[in-house]
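Here's a quick briefing to get you started. Have a look at the model first, then read on.

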Amino acid sequence: MPPRHEADILACIPSLRRYARGLTGDVHRADDLVQDTLERAWRRLSLWRRRGDLRAWAFSIMHNLYVDGLRARAGRPEDAAGEDLPELPERPTQADALELRDLDRALQRLAPELRAVLLLVGVEDLSYRQAAAVLGVPLGTVMSRLSRARERLDALLRQDAGAPRLQRVK
Amino acid sequence: MNDDGARPFSGLFPPGSPISEADLHAYVDGQLAAARRGEVEAFLAGRPQAAGRVAAWQAQRRALHGLLDPVLDEPVPLRLALPRRERRAGPAWPRLATAACLLLAGFGSAWFLRGAIDGAAPRDAATLAAGPAEPFFQRAAVAHAVYTPDRGRPVEIGGDQEALLARWLSRRLGAEVRVPQLAGLGYELVGGRLLPGGTGPVAQFMYADAAGQRLTLYVTREAAGARTAFRFVREGGINVFYWVDERFGYALSGAAGRDEMLRLSESVYRQLQ
């Protein structure tokens, strides 16, 4: 396998870690997911044959592993997330940290399929078509999930905080 | 990112068609062609309610980046940067000549280091898997390979804040860490970072010469106690001198020649006595 592809995969690691962190809300689960993803990506690199964006391909591997993991976990992970808050990065002020914690909690309370779309599009900057390919759903499903994810996150944040955290000019 | 950019979207968001909610999301996500973007802006100008939703979604995007972007700046755990064991069988693996491959070269080097040290054939890959039992110089070589090619953020605290760097690393390692000066030998301090080690945090200092060639000094408490002489290992273009004193284990890694690396190591050793 050409070394350049290996380097390309290594270059994806920070972004895979960011996506996994948002998806799982937990540092260790996220890195376990990244590790499994990388192992599978290395194994399958010869099958990839430049069929598109390597990062999107790695995201789709991660998505499949994540969904398999959700199926394997007996409970409902989106409800369990509240107890097990991830370590947040150090922030300059406490208020800021609280705000991030609210956001993180709200994010983890979204249904996993909504969270995935929101993160792939809103944070990882995948095009809608790439997100549809990663998730294995039609484009229209990406659009409707994105819409639901944004409305739901907004509602959760307002409910969580008792006051608007994000500027909402309505 | 948009490798399929605006073009496929001309089907989904054709110019002149009524503005849909999907258009508003695509506007927020920067996925509209310029012509359609103008139409959406004109649409929003007259509709405060829709403009409010768009503003809220934009605020969400910024907030999510604020929450998750710090992950990009975290040191990558070595278990993720290390290659899986099957890669050792790859035919292209030992050919690691170009600068672009230095990163990979380092991973490869760590893989073979222990075998080189023992003067025996490399052990079964499973026994070399990254973990607390791994010798510190092996992790030092991997850490060197991971961070020296990083042009964006090779260190967490820059060399211009040397006192702060020493204080911070001393606090995290739980013992006074000093920062050796190598300017006399042509290497300026770039800075340092904290990394996960086998059983605790370790410090990595980075230096660069005028040509940009980088050295790293790995300092760990894990190996402290049994004072040793210099030992040398080399693999994949990275030379590593390592030694242990009462307080720390040290490994100096770089691409410079063995003699130069030895001179640098001796200087570090003398300064830390």
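This is a predicted model: local features need pLDDT of at least 70, side-chain atom pairs count only at pLDDT 80 or more; totals for chains, interfaces and linings use all residues.

For the complex, the predictor gives an ipTM of 0.81 and a pTM of 0.54.

**Salt bridges**
- A:Glu124 pairs up with A:Arg18 in a salt bridge, 2.9 Å from N to O.
- The two partners sit 106 residues apart, with A:Arg18 in helix H1 of chain A and A:Glu124 in the loop between helices H6 and H7 of chain A.
- A:Arg18 counts as buried too, with 8% relative accessibility.
- Both belong to a salt-bridge network that also includes A:Arg55 and B:Asp69.
- B:Arg53 and A:Glu151 form a salt bridge at 3.2 Å, N to O.
- That pair joins two chains, because B:Arg53 is in helix H4 of chain B and A:Glu151 is in helix H8 of chain A.
- Over all chains, the search finds 13 salt bridges.

**Nonpolar cores**
- The largest nonpolar core has 91 residues, and A:Leu16 is one of those with the most contacts inside it.
- Helix H3 of chain A gives this core its largest share, ten residues.
- Apart from it there's another core of 29 residues, including B:Leu215 and B:Phe241.

**Confidence**
- Chain B has a mean pLDDT of 75, and 73% of its residues reach 70 or more.
- In chain B, pLDDT is below 50 over residues 1-11 and also over residues 84-133.

Conventions. Residues are numbered from 1 along each chain as its sequence is written. Chains are lettered from A and ligands numbered from 1 in the order in which they are written. Side-chain values use heavy atoms; hydrogens and water are left out. A nonpolar core is a set of buried Ala, Val, Leu, Ile, Met, Phe, Trp, Tyr and Cys residues joined through side-chain atoms within 4.5 Å. Buried means under 20% relative accessible area, exposed over 50%, partly exposed in between (1.4 Å probe, protein chains only). Helices (H or I, at least four residues) and strands (E, at least two) are DSSP runs, numbered from the N terminus. pLDDT is the predictor's confidence in each residue, from 0 to 100. Contact means heavy atoms within 4.5 Å. A salt bridge is a side-chain nitrogen of Lys or Arg within 4 Å of a carboxyl oxygen of Asp or Glu.
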